[in-house]
Amino acid sequence: MSKMSILYMVLSILLGAYLVVGVTLADMQAVREKSMGLKVHLMNPANRFVKETDIYDQIKDVQGKIAGVPVYSIHLQDIEDKLNVFPNIEWANVTRYYSSDSAYINIDVKAVVPVARFIDSQGKSFYVNKDGKKLIANYKNHTDGVPIFIADLDSVQLVNTMAKLKPLLDYAKANEVFRDFATAFKIETNGDIILQPIVSNHVI
């Protein structure tokens with residue numbers, strides 16, 4: 001073996017040892033680093049159905065236990081589970097962040113996108129996502145940007161109906177003229193869908 005080969009081998013061993021020591025020290029620092037609290041990032045902030053205050057409300061029982069404790073002692077899955085049971089959240093991802101001068105728990109949240117609004121015969125209304133999942137709604141997150149369906153449906157019927165309505169919803173989303181023309185769709189008990197356009201005294 002040449003001297004050059006031996007030199008390369010020694011340098012490789014030293015570099016490997018340096019990396020191992022560096023990673024170990026970084027991990028030890030991370031274990032000791034205390035959390036400064038939470039940071040919330042909404043992936044679709046224009047969506048009215050999830051606000052930053054909703055995130056804090058969902059985890060209020062653990063929020064006070066996050067600041068001032070070692071960041072690696074915080075159970076991320078517990079926080080994610082609490083967030084993902086909220087109907088208006090499509091997914092939540094909770095991670096630890098730390099550097100030489102700060103450490104905190106980072107929360108990324110994507111809100112569910114409503115695709116339709118349903119109104120039953122009692123006048124009660126709710127929004128649903130593409131899978132027929134009901135969203136929590138109030139006057140603060142009301143939106144006029146989705147088709148309205150008038151129908152009395154239970155949870156199972158709602159899921160089945162949304163699967164059947166997908167072509168209509170896709171067409172309405174892509175066709176601005178059609179979307180502006182129709183005010184609502186009435187779903188009859190036999191499954192027929194009656195289009196109620198803006199023009200008075202006409203149905204299709």
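Modeller: In this predicted model, helix α5 bends by about 50° at Leu-165, and a proline, Pro-167, follows within four residues of that point. The helix runs over residues 155-174, 20 residues in total, and its first and last C-alpha atoms are 27 Å apart, close to the 28 Å expected. At its N-terminal end, α5 is capped by Asp-154, which places a side-chain oxygen 3.2 Å from the backbone nitrogen of Val-156. The buried residues of α5 are Leu-158, Thr-161, Met-162, Leu-165, Leu-169 and Ala-172. An α-helix has 3.6 residues a turn, so residues three or four places apart point the same way.

Turning to the nonpolar packing, the largest core has 21 residues, and Ile-55, Ile-79, Leu-83, Ile-89, Ile-105 and Ile-107 have the most contacts inside it. At least two residues of this core come from each of β1, α4, β2 and β3, and β3 contributes the most, with five. Another core, of 16 residues, lies apart from this one and includes Leu-165, Phe-178, Phe-185 and Ile-187.

Lys-110 counts as partly exposed because its relative accessibility is 29%, a value between the 20% limit for buried and the 50% limit for exposed. Beyond four places in sequence, Lys-110 touches Met-43, Asn-44, Ile-89, Glu-90 and Trp-91. Its C-alpha atom is separated by 8.3 Å from that of Val-50, 60 residues away along the chain.

Key
Residues are numbered from 1 along each chain as its sequence is written. This is a predicted model: local features need pLDDT of at least 70, side-chain atom pairs count only at pLDDT 80 or more; totals for chains, interfaces and linings use all residues. Side-chain values use heavy atoms; hydrogens and water are left out. The expected span of a helix is 1.5 Å times one less than its number of residues. The bend at a residue is the angle between axes fitted to the seven residues ending there and the seven starting there. Buried means under 20% relative accessible area, exposed over 50%, partly exposed in between (1.4 Å probe, protein chains only). A polar contact is a pair of N or O atoms within 3.5 Å; within protein, one must be able to donate a hydrogen and the other to accept it, and residues adjacent in sequence count only if both atoms are side-chain atoms. Contact means heavy atoms within 4.5 Å. A nonpolar core is a set of buried Ala, Val, Leu, Ile, Met, Phe, Trp, Tyr and Cys residues joined through side-chain atoms within 4.5 Å.
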